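Let's take a walk through the inside of a protein model. Have the sequence and the 3D view ready, and follow along as we go.

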Amino acid sequence: MARYYDLHPDNPQPRVIRQVVDLLCADGVIAYPTDSCYALGCRIGNRDGVERIREIRRLDDRHPFTLMCADFAQLGQFVKLSNAVFRQVKSVIPGSYTFLLPATAEVPRRLQDPRRRVVGARVPRHAVTQALLAELGEPLLTSTLLLPGEDEPMTQGWEIKERLDHLVDAVVDAGDCGLEPTTVVDLSGPEPEILRRGAGDPSRFE
């Protein structure tokens, strides 16, 4: 049975944040809010957690995950940024964007696109997500909480608890965080390519 944590969306309680991070450090899988939909997350080194997320969403081993990073400095440890890309990314984070970028050696091969050695990365604006990342001290490996056969992600913590009670270790509820996913931009090639138009303004990369 999943633990249920009710957090203030703007001023999350530090004691509760520490409890959630303790669970993550014990190789737990959580459902948590971001600035664009709820997501499933675990630590990068949690192999079993990655497989559990794949099973919940019925994803094959080619489906990319995203590294949810606390800030630009942390993002720079896990992806390679040219000067031009540095400026583009810096101008829009934190925000509702996911970027595909060449991975550094810090990213396990099993988490990279097997053909191009790229990984998704983002820096969120949501206060709860930021508090979790600050306490954890490393990125969260993340996938949007979109269940098989459904067109929209779940938006209510109580509903997530009901439906995923025996599939995740905790549900972090901070209220409705919207339905619109991130804008996904591939910055691994010579020119930006918008792969999905979402909550972030795509015109900056057109």
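This is a predicted model: local features need pLDDT of at least 70, side-chain atom pairs count only at pLDDT 80 or more; totals for chains, interfaces and linings use all residues.

Residues are numbered from 1 along each chain as its sequence is written, and side-chain values use heavy atoms, leaving out hydrogens and water.

**The cores**

In soluble globular proteins, nonpolar side chains tend to be buried together. A nonpolar core here is a set of buried Ala, Val, Leu, Ile, Met, Phe, Trp, Tyr and Cys residues joined through side-chain atoms within 4.5 Å. Buried means under 20% relative accessible area, exposed over 50%, and partly exposed in between (1.4 Å probe, protein chains only).

The largest nonpolar core has 42 residues, and Phe-99, Leu-145 and Leu-164 have the most contacts inside it. Among the elements that give it two or more residues are β3 (38-43), α2 (47-57) and α6 (157-164). These labels come from DSSP runs numbered from the N terminus: helices are H or I with at least four residues, strands are E with at least two. A second, separate core of 21 residues includes Leu-23, Ala-39, Ala-70 and Leu-136.

Which residues does Leu-164 touch, not counting those up to four places away in sequence? They are Leu-40, Ile-56, Leu-145, Leu-147 and Met-154. Contact means heavy atoms within 4.5 Å.

**Strands around β8**

In strand β8 (residues 170-173), Ala-170 and Val-172 point one way while Val-171 and Asp-173 point the other, and all are buried. In a regular strand the side chains alternate between the two faces of the sheet.

**A glycine in a helix**

Gly-49 is found in helix α2. Is Gly-49 buried or exposed? Gly-49 counts as buried because its relative accessibility is 0%. Leaving aside neighbours within four places in sequence, Gly-49 is in contact with Val-29 and Cys-42. Gly-49 and Trp-158 sit 109 residues apart in sequence and 22 Å apart in space, C-alpha to C-alpha.
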